[in-house]
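Biologist: I have a model open and I am new to this. Can we read it together, feature by feature?

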Amino acid sequence: MSNKEQLREGLKGNPRLKRLLDYLIMNQRDARPRWYVRLLAPLYQKRGSGSKIYGSVRMDTPPYRQFVLGKRSVIESYACINNAVGDVIIGDHTRIGLHCTVIGPVTIGSHVNLAQGITITALNHNFNESQQRIDQQGVSTHPVTIGDDVWIGTNAVILPGVTIGSHVVIAAGAVVSKDIPDHSLAMGIPATVRKTI
């Protein structure tokens with residue numbers, strides 16, 4: 001068990017301390033790290049050589065989860081990266097396009113290209129208790145994994161728990177709710193494999 005995991009487990013036993021730390025790190029209203037935490041982000045984020053994150057990117061990456069951007073990878077303007085509930089790991093030579101949203105826990109391989117407006121989320125809001133407001137029921141996460149050498153078209157949505165294999169193309173506008181195997185072209189709502197590539 002890593003030091004971070006041991007710390008998380010220890011905080012579970014002290015909910016008051018956990019709430020205090022969460023308050024000091026995260027702006028509860030804005031659901032993002034406080035300004036002074038964002039100033040320190042270059043010290044705790046792992047960025048590979050030659051990587052670039054455009055200035056307009058919203059980096060909601062508190063230090064208690066991992067954010068890794070591989071070498072020569074790029075996150076383009078107006079994207080949003082959020083690791084508040086799970087690590088976000090991005091491989092080498094990968095491009096996250098304009099206006100994309102990535103909510104962890106998400107692992108994206110190397111040589112992956114995301115077009116514009118894509119949502120990749122491993123998070124869902126719980127809603128099963130009919131006598132309780134949805135915003136009181138918390139969230140659940142199911143990791144998303146995207147292999148190497150993947151192209152995802154504009155406005156596609158990748159839902160929690162999905163694994164996309166390597167050398168895969170996801171068509172524009174697809175909603176991926178089930179795993180996609182290696183060497184596949186998938187399209188539609190819900191996305192289905194249309195051919196082997």
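Modeller: Start with strands β17 and β20. Strand β17 covers residues 144-146, and two bridges join it to β20. The two run parallel. Helices (H or I, at least four residues) and strands (E, at least two) are DSSP runs, numbered from the N terminus. Two strands pair if DSSP finds at least two bridges between them. This is a predicted model, so local features need pLDDT of at least 70 and side-chain atom pairs count only at pLDDT 80 or more, while totals for chains, interfaces and linings use all residues. Residues are numbered from 1 along each chain as its sequence is written, and side-chain values use heavy atoms, with hydrogens and water left out.

Biologist: Which residue stands opposite Thr 145 in β20?

Modeller: Thr 163 does. In general, strands of a sheet pair through backbone hydrogen bonds, either parallel or antiparallel.

Biologist: What is the order of the open sheet with β17 and β20 in it?

Modeller: That sheet has six strands, in the order β3-β6-β9-β12-β17-β20, with parallel pairing. Its edge strands are β3 (46-47) and β20 (163-164), and each pairs on one side only.

Biologist: Where does β8 belong?

Modeller: In an open sheet of six strands, ordered β5-β8-β11-β14-β19-β22. The pairing there is parallel. At the edges stand β5 and β22 (175-176); each has a single partner strand, so one side of each lacks a neighbour in the sheet.

Biologist: How many bridges join β8 to β11?

Modeller: Three, between residues 80-82 of β8 and residues 101-103 of β11. Look for Asn 82, which stands opposite Ile 103 in β11.

Biologist: Do β23 and β24 run parallel or antiparallel?

Modeller: Antiparallel, with four bridges between β23 (residues 184-187) and β24 (residues 192-196). Met 187 stands opposite Thr 192. Strand β23 also has two bridges to β21 (residues 168-170), and that pair runs parallel. There, Val 169 faces Leu 185 as its opposite residue.

Biologist: How do I read backbone angles?

Modeller: Most residues other than glycine have a negative phi, and most peptide bonds are trans. Now the cases here. Tyr 78 has a positive phi near 65°, and it is not a glycine. Tyr 78 sits in the loop between β7 (74-75) and β8. Gly 188 also takes a positive phi, near 105°, in the hairpin of β23 and β24, where four residues lie between the strands.

Biologist: Which residues does the cis bond with omega of about 5° join?

Modeller: Gly 104 and Pro 105. Pro 105 lies in the loop between β11 and β12 (106-108). The bond from Ile 189 to Pro 190 is cis too, with omega near -5°. Pro 190 is in the loop between β23 and β24.

Biologist: How many salt bridges does the count give?

Modeller: Four. A salt bridge is a side-chain nitrogen of Lys or Arg within 4 Å of a carboxyl oxygen of Asp or Glu. Asp 60 forms one with Arg 32, with the closest N and O atoms 3.2 Å apart. This pair links distant parts of the chain: Asp 60 is in β5 and Arg 32 in β2, 28 residues apart.

Biologist: What is the volume of the second largest pocket?

Modeller: About 180 Å³. On a 1 Å grid over the protein atoms alone, a pocket is an open set of points where a 1.4 Å probe fits, with protein on both sides within 12 Å along at least five of seven lines. Lining residues have an atom within 4 Å of a point. Grid points are joined across faces, edges and corners, and a volume is the space filled by probe spheres set on the points.

Biologist: Which residues lie nearest its centre?

Modeller: The lining has 15 residues, and Arg 38, Ala 41, Gln 45, Arg 47 and Met 59 lie nearest the centre of this second largest pocket. Elements giving two or more residues are β2 (32-33), α4 (41-44) and β5 (58-60). Helix α4 gives the most, three residues.
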